[in-house]
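I opened the model to look up a few local features. My notes follow the order in which I checked them.

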Amino acid sequence: MDSRRPPLAPVFRSLPEYVRHWAETTPDRRAFTFVDHPAPHSRGVHRTLTWRRLDLRMRAVAARLATEAEPGARVAVLCPQGTEYVTAFLGALAAGLVAVPLYPPGLPGQGDRLSAVLADARPAVVVTTGHALAGVRELCEGRAVKVVAGDHVPDAAADDWLPPAPDDSAVAYLQYTSGSTRTPAGVEITHANVVANARQALAAYGADAHPVTCVGWLPLYHDMGLVLSVAAPVVRGLLSVLMDPVAFLHEPVRWLRLLAAHPRALSAAPNFAYDYCASTVTEAQKAGLRLDGVFALINGSEPVRPGTADRFHAAFAAQGLVPETHCPSYGLAEATVFVSAARPGEPLRRFALDRDALATGKALPARPDDPRAVLLSGCGAPAGQRVRIADPVSRVAPAEGEVGEIWVQGPNVGRGYRNQDRQTGLVFGAEFADAAAGPGAWLRTGDLGTVLDGQLIVTGRLKDLIVVDGRNHYPQDVEATAQDAHPAVRRDRLAAFGVPGGSGERVVVVAEHVRAVPLAEIDVPALVRAVRAAVSARHGLRLSDVVLVPPGTVPRTSSGKVSRALTRERYLADAYAAGVVG
């Protein structure tokens, strides 16, 4: 029988030990279910692993990998989304190898990144599936690497195999950063890091005390997808229901149906997904959909805007969705993923900040209805770790309400970047000028924020700041204004950035137009005028260029965020010369 409430587990040193524990104590309970959508209008084909079956497949894959590589060698996971991904990842960990969560070749726009990561990680083995085997072999041609199809390994491989003694200080996997602001780098996450972060996340969302079902479509190579859909369920013995990100993008109501079908569903998605659901799911698709049982919806965008939560909950209020399920959160790969979160069941904490004061580094309150106010959501408080705000130059803790760089300290912070000692020292070894402000080494996140009323508020990225005439402007602020200025600007598919100019930095916006309207039917001069006027009125900025480009043109990172750095590079290289410039 499938008990809804798993028993509490003792503390183990690694994820494979938790799998073994659940296989011994609750062998027939469901562990992972992958919902496949093989046809455009498919309602989903379910494939499930029990804890007993997961343990067997994990050990079989581990035994095979152990014959192909020495302990500590790297194993790249190039599996499609599904249960085979889970067994390959856990099998690598169980064998004492270092997993490198990636994706099979063919992911649009990510071929160069995949090659770059493989060149940096230099895996001894690549594990994939029989379905993706031909493409993976072609990708690995000429590389000194062995290719294993994990689903072709027989169960009997697990017979008589003994796992190596666990070492929680050893590296479990390399989490490669998404590359939104720099060349991808592999963060070394130890077994202790991922177990600690899973427990922190479970505590923050109340899943340590209440049974929940983890429902996710985030890719498993992404830090949030890996921790929330694999590590946390394994640590707590929860059911994890997975679907493919492409299946969500093709028909977002599929995600909502899975949320409705599973009791006390806990899920995460970036900002665009909530807006996407609100604008795309039809009234006919909403019929019969009940969302009153959803436990928590995590929004991990930086920054999180209240308007997104408001639009999503307005769209599905009739389906019983409770506004208090929305949980703005903050995290990054260098901290495994989770840092802080708003708690389920609590009202969304809203902050209206004066834009002019924010430009000078001060978070001063403003009226919410003031057109020049910046509206942000609080990302709650950390669980099991420490967060401080620091001046990024002087390394001094500023006064309360002043904006600075977010620094993090805790058992979930990774060891550093693989083969990048200097960068590791700069990012993972920060110290306050006054040790009393926070003794020991701290992780510099590169993100800007402040703490108000006990809430962490993320305002933007340090490297993305646009500085004009000595004033700071957050690009996501400019982007939000631009996309609201004209209905033909595609939401969350635009980038604002600064470029060198004759008398200082110039500001450029590159934006995709909506798919529903062909470029020939858009009054481009009117669109450009609307964007310029809105940005000028709200930010006091004169846009040097507004470039309108086709859908799919603005580059994104592997986690789905717009890459401002790459957009800027392409703009400077005249890659958008064919676009419409105003």
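**Entry 1: a side chain and a backbone nitrogen**

I found the backbone nitrogen of G446 at 2.9 Å from a polar side-chain atom of E405. The model is predicted, so I am reading computed positions here. I placed E405 in strand β19, residues 404–409. Is E405 buried or exposed? Its relative accessibility is 2%, and buried means under 20%, so E405 counts as buried. I then listed its contacts, leaving out residues up to four places away in sequence. E405 touches R388, I389, A390 and P392, and also R444, T445, G446, D447 and L448.

**Entry 2: the sheet around β19**

I traced an open sheet of four strands, in the order β18-β19-β21-β22, with antiparallel pairing. Which strands sit at the edges? They are β18 (386–390) and β22 (455–461), each pairing on one side only. Next I followed β21, residues 443–452, to β22. The two run antiparallel and are joined by six bridges. I marked L452 opposite Q455 of β22.

**Entry 3: helix α4**

I moved to α4, residues 111–121. Which of its residues are buried? I recorded R113, L114, V117, L118 and A121. Down the axis of α4, these buried residues fall within an arc of 135°, so they line one face of the helix. I checked what they pack against: β3 (74–77), β4 (98–101), α5 (133–139) and β7 (171–176). Just after α4, I noted R122 with a positive phi of about 50°.

Notes
Residues numbered from 1 in each chain as written. Predicted model: local features only at pLDDT ≥ 70, side-chain atom pairs only at ≥ 80, totals over all residues. Heavy atoms only, no water. Pairing = 2+ DSSP bridges. Buried < 20%, exposed > 50% of the residue type's maximum accessible area, 1.4 Å probe, protein only. Arc of directions from axis to C-beta. Contact = heavy atoms within 4.5 Å. Polar contact = N/O pair within 3.5 Å; in protein donor to acceptor, adjacent residues only side chain to side chain.
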